[in-house]
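Here's a quick briefing on a ligand site and a domain interface. Have a look at the model first, then read on.

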Amino acid sequence: MFEDLQAAPADKILALISAYRADPRTDKVDLGVGVYKDRDGATPIMRAVREAEKRLLNKQKSKTYLGLAGDIEFNAAIASLVFGEQADFSRIRAAQAPGGSGALRLVAELLKRTKADATVWISNPTWPNHIPMMRGAGLQIREYPYFDAASGTVRFEAMLEALGQADRGDIVLLHGCCHNPTGANLSAAQWQSVADLLVKRGLLPFVDIAYQGFGEGLDADAEGLRILAGKAPEMVVAASCSKNFAVYRDRVGAAIVMGRTGAEADIAMSQVLSAARTMYSMPPDHGAAAVRIVLADAQLRADWQAELEEMRLRMLRLRIAFAEALRRQSNSDRFDFVATHRGMFSRLGLTEPQVDRLRTEHGVYMVGDSRINVAGLPEDKLDWLAKAIVSVLD
Ligand code: LMR
């Protein structure tokens, strides 16, 4: 049966995990996959999540099925975290999904069921898995320019011009905050312009929000999404708890639909759940239950927010210190954008051969497009790292 089958190419981000682990060097540096790390390079379970898990273990009496939408209270809590407490929840529906990726795929399936020839506009560059995921659901892909590598800034005029070419009914996938892989984000004023354009041209906003709380703060990171929700008649969202609750392997996320009316949102959600049934039936419970407990308990919630804020501020300090080290070692302001970017990533603007040299000659691992995970920066040897980067430039 499988004799003529070709092996699938490895995922470029996930392949870095095993390559890094297999490297025997002790002074290696992992700036690859997007997981938060503390100064010891560990990815700890958050305090509030651990406490919630203990309570869950003590209280949970049954593991019987919950239903296709998973944990209903979790769904309401996540919708509120993302849209803000003032949103019009009479026309917002959420379904628990297996991680942000599961949510993305569920939304993509909904879009395909809604419009067989649907086209999704995706930023160039974007998280590499967006493209196969949307194609896998049978959607057409178009790209809009997003990033100017030389200056490290958003190509906003070019982005608007491209989206101005989209046809009525096309979908626009936007990173809610902390753009992956670039770290360059839209300002509130730019979000307003994007929202106006989408409404004027009849385009559906599709927001992927996977790093809420890692950029400017929990509410500030959702501002763009909330601006869209205030202007657009309908929108779809894929939310992830992997990073901001550090529950990566537990797979916690939500597919969210905002309809013109509650009745339309109910119909759309019935299609999301029917799609879930054909793919995996029901989402895993444990991580979402822990997140639900954290969000429902005032003390746990406050502790979670405080720890998340510590993580955000650590990444911010690392950005500033690393930009300074790069300035010292390169004698230029070429990498100053690292300090102004927000979220977990920045793209340094190196070529693939330069990235390869960093790995082979210095044991420094980053994604081939020179995306770095800021949380992986080694606090005590930033100048060493900056020097290594500068050494591969020529
Ligand atoms: C990343 O971009 O590194 C993370 O979102 C992990 C992944 O699944 O790619």
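Twelve residue pairs, both partners at pLDDT 80 or more, are in polar contact between domain 1 and domain 2 (N or O atoms within 3.5 Å, one able to donate a hydrogen and the other to accept it; sequence neighbours count only if both atoms are side-chain atoms). This is a predicted model, where local features need pLDDT of at least 70, side-chain atom pairs need 80 or more, and totals for chains, interfaces and linings use all residues. Numbering runs from 1 along each chain as its sequence is written, and side-chain values use heavy atoms, leaving out hydrogens and water.

**Domain interface**
- The chain splits into domain 1 (12-45 + 301-391) and domain 2 (49-297), with bounds from an automatic or database assignment.
- Contact (heavy atoms within 4.5 Å) links 24 residues of domain 1 with 33 of domain 2.
- There's one salt bridge between the domains (a Lys or Arg side-chain nitrogen within 4 Å of an Asp or Glu carboxyl oxygen).

**Ligand site**
- Ile13, Val33, Gly34, Trp127, Asn180, Tyr211, Lys243 and Arg371 surround the ligand.
- A backbone N or O atom of Gly34 sits 2.7 Å from a ligand oxygen.
- On the side-chain side, a polar atom of Trp127 lies 3.0 Å from a ligand oxygen, and an N or O atom of Lys243 is also 3.0 Å from a ligand oxygen.

Notes:
A residue is near a molecule or strand if one of its heavy atoms lies within 4 Å of it.
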